[in-house]
Amino acid sequence: MSKPLKILFLISEMHPYAKIGGLGDVAASLPKALLKMGHDVRVVIPRYSSIDPDHYNTTTCLQSMGVWMGDKEEWCSVHSTKSADQVPVYMIEHGLFFHREGLYHDNGMNDYDDNPRRFAFFSRAALQLAKDISFKPDIVHANDWQSALSCAYLKVWHWNDPILGDAASLLTLHNVAYQGIYPKDHYNYIGLGWQNFTQDKLESYGKVNFLKGGIHYADLVNAVSPSFAQEITAPGGGFGLAPYLSDKKESFVGILNGIDYETWNPQTDPHLPAHFSMEKLTGKQKCKQELQRAFDLKVDKKVALIGTVGRFVDQKGFHLIAQAIERILGQMHVQFVILGSGEGDLQDYFGNLPARYPRKAGSYIGYDNRRAHLIEAGCDFFLMPSLFEPCGLNQMYSMHYGTLPIVRATGGLNDTVENYNEKEGTGTGFKFSDTSPDALYYTVGWAVSTYYDRPKHIRSMVRTAMKRDFSWQSSALQYEAAYKRAIENKKAFDTKSKYYW
Ligand code: ADP
Ligand code: GLC
């Protein structure tokens, strides 16, 4: 291995401490893979009130840390612990900002008004932490808008700092639909200088845009799949960010997420009633029965069982499911289970579905890790009709659990699922392109008819899907290469213009 790098990894979710979606999974698994490669990686997250410090054996790392924002100094403390995988984790404790019922929004899905202050502070505090514990990072790795401003703070504030002055930055875009766009009233607090409140940097239609700013200042930017990287640089793509991403040229790359085969392993998964492998699939039948019981469906090992898990937001295409599922349940010999929470109308719709299709449809509205694992393991098909999908982890989990994904061919879904070839009997799932309920309906029909009419093909696809390697190994190597490129870019930048004023 080449020289180990010191990596400060900023992220707003991390499994098992606080997680809403895939960001939390990546925070748990990429640093773990980097640590295994010999790098010194430290993860920094906010200490939300849902995280019980005692439960995770944290110790107080800094009792009192002053963090200069643009127009005031904030005071916080820092807890530290090691994850089960021995990754050092620091938690920024600021009661006023992080002791709330949710991470980003309240239970009614209303974003907190002070999110710009909460996450500007978080980004700045993580850098201050590095200084206070004398951790001199080679790389600051920011993730999404919540920590994107760290890339800007490095260049605007810390260019001459003995601890942070040489640190290069990588910004990973997990989801460009959320950019962190806020009224400019917060800009003095954010404190990046009005001379930088310009269209090429932090300004966007009179507001401040965290992600856009991060993209400008980062030494390298990546999206979480090659297809999504392409989609968001195409004209009109990237939710308005395409021109800025295209400007980065070769400093913008796509790196596919991996999955953690220790957490998501059908042979050892503690959330399952039985274990199974590619060679011995009988345990999968037990999981199916348990799933049917857990969701009050008729226990029937022969029926095609379709499931899905996710955040009820536009991106995931749940409204397409809502528009097609009754035709599917009415006309096909299938069962359907859904686990998720989010938009109220979708919660109501899917919450009420089982009452209308008793023993055929099951739902659980809420967040439940055990049920998520059970759905991946016990279903025959996993449905993911996303309108866009930067990477998507669930389709990879499902393939590893021998559950064939039915997906819309977009972003990471397109990169990871190989479409069924009816002539050869090959593939790892079923894909469609149109964002229409009809396309979803017919593709589910295609999968279900294959299940009943060509079971040999299904068996062979299940084996192929389970064999696919989505481990972090190759992706973590690509991150290592990206860090090195970011360091080169930073060096080149420093020789030209060391600072930003
Ligand atoms: P996204 O990050 O866009 O939500 P991903 O597919 O990358 O999509 O990751 C979603 C992660 O969140 C998976 O680990 C999935 O199991 C989990 N998840 C989403 N909704 C729920 C839920 N309601 N209960 C349990 N886990 C959930
Ligand atoms: C985002 C994306 C999802 C991706 C995850 C982890 O939440 O929506 O596609 O898998 O981040 O990178």
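In which helix is the place of H457? In this predicted model, in which local features need pLDDT of at least 70, side-chain atom pairs count only at pLDDT 80 or more, and totals for chains, interfaces and linings use all residues, H457 lies in helix α16 (residues 455-467). Residues are numbered from 1 along each chain as its sequence is written, chains are lettered from A and ligands numbered from 1 in the order in which they are written, and side-chain values use heavy atoms, with hydrogens and water left out. Helices (H or I, at least four residues) and strands (E, at least two) are DSSP runs numbered from the N terminus. H457 has a relative accessible area of 19% and is therefore buried, where buried means under 20% relative accessible area, exposed over 50%, and partly exposed in between (1.4 Å probe, protein chains only). The side chain of H457 makes a polar contact of 2.6 Å with the side chain of Y420; a polar contact is a pair of N or O atoms within 3.5 Å, of which, within protein, one must be able to donate a hydrogen and the other to accept it, residues adjacent in sequence counting only if both atoms are side-chain atoms.

Ligand 1 is surrounded by 21 residues, of which G22, D25, R311, K316 and G366 are the closest, a residue being near a molecule or strand if one of its heavy atoms lies within 4 Å of it. A nitrogen atom of ligand 1, in turn, is 3.0 Å from a polar backbone atom of D368. On its own ligand 1 has 560 Å² of accessible area, and the protein covers 94% of that area, as computed by the Shrake-Rupley method with a 1.4 Å probe, only the protein chains shown counting as cover for residues. Two or more residues of this shell are given by each of α1, β13 (304-312), β14 (334-342) and α13 (394-400), and the largest share, three residues, comes from β13. The shell around ligand 1 divides into seven nonpolar, eight polar and six charged residues, where Ala, Val, Leu, Ile, Met, Phe, Trp, Tyr, Cys and Pro count as nonpolar, Asp, Glu, Lys and Arg as charged, and the others, Gly among them, as polar. At least three residues of the shell around ligand 1 come from each of domain 1 (6-258 + 473-496) and domain 2 (282-469), the domain bounds being taken from an automatic or database domain assignment.

Around ligand 2 there are 14 residues, and H174, N257, E389, C391 and G392 come nearest. Oxygen atoms of ligand 2 lie 2.4 Å from a polar side-chain atom of E389, 3.0 Å from a polar side-chain atom of Q315 and 3.3 Å from an N or O atom in the side chain of N175. Taken alone, ligand 2 exposes 310 Å², of which the protein buries 94%. Helix α1 (residues 22-36) supplies the largest share of the shell around ligand 2, three residues, and the shell comprises six nonpolar, six polar and two charged residues. Domain 1 and domain 2 each contribute at least three residues to the shell around ligand 2.

The structure holds 35 aromatic pairs, in which rings of Phe, Tyr and Trp (its six-membered ring) have centres within 6.5 Å, planes under 30 degrees apart counting as stacked, over 60 as edge-to-face and the rest as tilted. The rings of F97 and F98 have centres 6.2 Å apart and planes at 65 degrees, so this pair is edge-to-face; F97 is buried at a relative accessible area of 6%, and F98 is buried at 0%. The pair formed by Y441 and Y442 is also edge-to-face, because the ring centres are 5.1 Å apart and the planes stand at 75 degrees, but Y441 is buried at 12% relative accessibility, whereas Y442 is exposed at 55%.

Some backbone features complete the description. A cis peptide bond, with omega of about 5 degrees, joins H15 and P16, and P16 is found in the loop between β1 (6-10) and α1. Q86, in the loop between β4 (73-82) and β5 (88-93), has a positive phi near 75 degrees.
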